[in-house]
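Today I opened a new model and went through its sheet, its helices and its aromatic rings. Here are my notes, in the order I took them.

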Amino acid sequence: MSSIVNVVFDRNREYELIAHAAPSREEANRWLDDQWEALECEPSNPMGKVLVLDRILGIAQYAGEKRFANPGEWVRQYADAVATVLGRPVVRVDVADRVVG
């Protein structure tokens, strides 16, 4: 089953990603953790606790819009991981407003 992950950087810049592969939830979480570290993301919460939604938003923000504008293997893996971890057929990652819905 396919899922759609929309990554939004502002009202006029939205990227629709189709998630086809379904890694295990453990693999998806591990991929998100690895990317969080690789991109040197900073927690938005001053208490330092990083929730899955924080990781999803932070990874998109730190990876940058350019990466989503020219999708490749990394973008496919991001979409697959997000869709698997959240378990929804449609996900909207709004980087500008810091909302995942």
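**Asn6 and its strand.** I began with Asn6, which is found in strand S1; helices (H or I, at least four residues) and strands (E, at least two) are DSSP runs, numbered from the N terminus. The model is predicted, so local features need pLDDT of at least 70 and side-chain atom pairs count only at pLDDT 80 or more, while totals for chains, interfaces and linings use all residues. Residues are numbered from 1 along each chain as its sequence is written, and side-chain values use heavy atoms, with hydrogens and water left out.

Is Asn6 buried or exposed? I found Asn6 buried, at a relative accessible area of 11% (buried is under 20%, exposed over 50%, partly exposed in between, with a 1.4 Å probe and protein chains only). Leaving aside neighbours within four places in sequence, I listed the contacts of Asn6 (heavy atoms within 4.5 Å): Glu14, Tyr15, Glu16, Val90, Val91, Arg92 and Val93.

**The sheet.** I traced four strands in an open sheet, in the order S2-S1-S3-S4 with mixed pairing (two strands pair if DSSP finds at least two bridges between them). S2 (13-19) and S4 (99-100) each have a single partner strand, so one side of each is left without a neighbour in the sheet. S1 (residues 3-10) and S3 (residues 90-94) pair in the parallel sense over five bridges, and Val5 stands opposite Val91 in S3.

**Helix H2.** The buried residues of H2, among them Ile56, Leu57 and Ile59, pack against S1, H1 (25-38), H3 (65-69), H4, S3 and S4. After H2 comes Gly64, with a positive phi near 90°.

**Aromatic rings.** How many aromatic pairs does the whole structure hold? My search gave six; rings of Phe, Tyr and Trp (its six-membered ring) pair if their centres lie within 6.5 Å, with planes under 30 degrees apart stacked, over 60 edge-to-face and the rest tilted. Phe68 and Tyr78 have ring centres 5.4 Å apart and planes at 80°, so I noted the pair as edge-to-face. Phe68 lies in H3 and Tyr78 in H4, so the pair ties together parts 10 residues apart in sequence. Trp74 and Tyr78 are stacked, at 5.6 Å centre to centre and 15° between the planes. Both Trp74 and Tyr78 are buried.
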